Amino acid sequence: MAALLAVVLCGLTGFVLVCLAWPQPAPLRSNLALKTSLCGGCGLGIFSLVFFFSPALSLSRLMLADAAVFGVLLVVLIWSRTRRSAEDSVADERVAVDGPGGRIRPALGTAFALALIASAYASAVRAVAHPHGDGWDAFAIWDLHARFLFRGGPHWKDGFSPLIPWSHPDYPLLLPAAIAHFWRYLGSESWIVPSVIALIFAFSTVGLLFSGLSILRGQNQAFLGGTVLLATPFFVEQGTSQYADVPLSFFFLATIVLLCIHDSGMRSPGLLALAGVTAGFAAWTKNEGLLFLGAIVLARVVILARHEGWIFCGRQTLPMLLAALPVLLVIAYFKVRVAPAGDLFSSPASLWHKLLDPARYWATFQWYAKELLRFGHWWLIPGTVLLAGYYFIVGKEVGSYEDGIRISVLALGLTLAGYFAVYLITPYDIHWHLRSSLNRLFLQVWPSAIFLFFLVVRTPERTLAA
Amino acid sequence: MQGSPIEPGQTARAPAGLQHQGRITITVALTLMLCLLSSLRVVIEAPRPRQLEAMSRAVAQHSDQRFAELRRALPGRGVVGYVGEAAESGVADYYLAQYALAPLVVERSQDHPLVIGNFPASQPASPPATVKGLVLVKDFGNGVLLLAKEDNK
């Protein structure tokens with residue numbers, strides 16, 4: 001009963017937050033697929049923040065805190081719906097019914113359904129086979145931190161000790177705190193909680209990709225994009241690993257989808273604010289999220305200032321920054337008061353030496369090139385090569401949101417460049433570090449890359465009608 | 001035939017539009033096929049149902065179940081030392097021990113009043129020769145030892 005209450009509260013809190021940001025006066029049930037895809041991750045983000053500030057609370061007080069947060073958001077939503085003036089609404093999902101687009105839709109839909117069934121089956125089986133995650137990072141970092149939060153009471157900070165090597169005590173706490181929050185409701189450390197949270201993030205990412213493409217490019221393109229993501233074996237494997245890379249990819253994608261919808265003409269400060277919240281949650285999930293947040297803000301400033309001027313740029317960036325601010329303050333508090341210094345800058349004396357070593361650049365570049373060609377564990381042809389061939393034959397077509405696409409591509413490029421720089425200065429053996437983590441870093445941007453790809457490439461119905 | 005553009009003996013060529021449609025249809029079909037092949041890989045490489053029970057117990061057997069009794073004998077919080085197998089598997093053993101014993105902090109060091117000995121492979125009856133200055137407090141079986149510094153015991 002308590003578990004059900006937690007699930008309902010978490011989901012509803014996320015849904016109310018998303019609806020609060022949605023352009024008015026759209027009915028609550030509009031764009032339901034997109035809102036539903038967003039609400040799980042947003043709800044878990046809010047739940048993690050509540051627990052972070054109250055890990056020692058009893059269950060009844062924690063329930064009160066959760067109910068209070070939900071209540072406040074609901075009151076603000078009701079108030080805002082009675083006060084806000086009409087804004088451009090977000091278009092409904094587009095379905096091509098007539099012409100060649102309508103004729104190929106059954107084939108695309110069938111392929112999507114088959115890929116969804118395959119990945120749902122594999123995910124369920126993997127979740128049962130690996131209740132404590134698949135790989136060291138699950139029990140050495142994420143679930144370990146959740147245990148310290150749940151078991152530690154007022155002494156939970158003991159777990160963020162530099163005495164436990166390689167446990168990354170500087171890693172933010174969205175996942176561990178969300179897991180511990182549900183454990184508190186259950187009164188035990190059920191393996192089902194981290195497994196279900198992992199599945200929610202994985203399938204919400206698919207739902208987000210599908211619904212975002214549906215709105216901006218039509219259902220055929222959405223089926224294609226969704227099929228490509230579901231058919232990426234590495235995405236399915238990592239989706240149940242209880243690592244933080246797929247949750248991070250969810251928040252990257254959410255930010256980019258919201259900004260692209262906003263920049264497609266449905267200019268609403270609410271969408272910008274929600275993008276700021278999801279970018280903030282990315283930073284609260286993993287340190288790479290901080291890099292992404294910086295990259296997306298910088299990309300937005302650079303492109304909008306150049307094309308539209310500084311005043312417009314400020315109006316289009318400020319809501320995002322203000323909405324991300326509360327989460328950033330939490331992260332700052334965590335970094336200053338709880339986490340020890342990260343390992344990346346543990347030997348500053350050697351930083352310059354590493355940055356000036358061409359062998360490190362060459363090693364990192366080689367790994368980037370290799371990973372680009374073999375990413376995803378696809379059969380026969382890597383997904384990246386497949387998409388390159390698809391683009392070559394089908395061609396490009398960009399809608400009214402070129403700025404949105406340019407900003408997102410630049411942001412992802414800056415993020416990957418940031419990862420490159422991290423490998424250059426890593427205190428670990430560079431080859432070991434690249435081998436053990438580069439594919440997961442690529443996974444963080446893969447759903448967003450697929451989204452942007454299918455935004456740019458021509459739709460099947462347009463290509464066939466040409 | 002009157003006005004036919006096709007000379008006798010020649011075959012008719014498909015208009016460019018039909019060729020283009022054909023190429024696009026093949027491209028989309030091939031893309032979907034290759035995606036579904038990879039989806040097939042996802043299914044084939046998923047664990048078999050008969051393997052599920054053994055796989056699902058693997059981590060718990062090496063962590064929570066292995067250290068359940070030891071955990072009851074240790075204080076609720078603080079820092080304890082840890083010593084284990086020298087082989088590479090010893091690293092995983094350490095993290096599984098830490099996972100089981102949280103919120104106790106387990107440091108890979110012998111420089112603590114209490115030290116956990118974890119030897120799942122060698123299962124010594126007493127502290128191995130590599131362990132200096134520690135005496136056995138209790139043997140929990142299965143290679144799980146509770147050790148203490150000689151001067152602290």
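Helices here are DSSP runs of at least four residues and strands are runs of at least two, numbered from the N terminus. With that in hand, let's walk through this predicted model, starting with chain B.

Chain B holds four helices and five strands, and their order from the N terminus is α-α-α-β-α-β-β-β-β. Of its 153 residues, 41% are buried. Chain B also exposes about 8,600 Å², with carbon and sulfur atoms supplying 55% of that area.

The contacts of W284(A) include F52(A), P172(A), V330(A) and F334(A).

| Salt bridge | Closest N and O atoms |
|---|---|
| R126(A) with D134(A) | 3.6 Å |
| D158(A) with R77(B) | 3.0 Å |
| K286(A) with D245(A) | 2.9 Å |

Which chains does the pair D158(A) and R77(B) join? D158(A) sits in the loop between helix 5 and helix 6 of chain A, while R77(B) sits in the loop between helix 3 and strand 1 of chain B, so the pair joins these two chains. R77(B) is partly exposed, at 41% relative accessibility.

Salt bridges with shared partners link D137(A), D245(A), K286(A), E288(A) and R440(A) into one network.

Technical notes: Residues numbered from 1 in each chain as written. Chains lettered and ligands numbered in written order. Predicted model: local features only at pLDDT ≥ 70, side-chain atom pairs only at ≥ 80, totals over all residues. Heavy atoms only, no water. Buried < 20%, exposed > 50% of the residue type's maximum accessible area, 1.4 Å probe, protein only. Areas by Shrake-Rupley, 256 points an atom, 1.4 Å probe, with all protein chains shown as cover. Contact = heavy atoms within 4.5 Å. Salt bridge = Lys/Arg side-chain N within 4 Å of Asp/Glu carboxyl O. Lists of a residue's contacts leave out its neighbours within four places in sequence.
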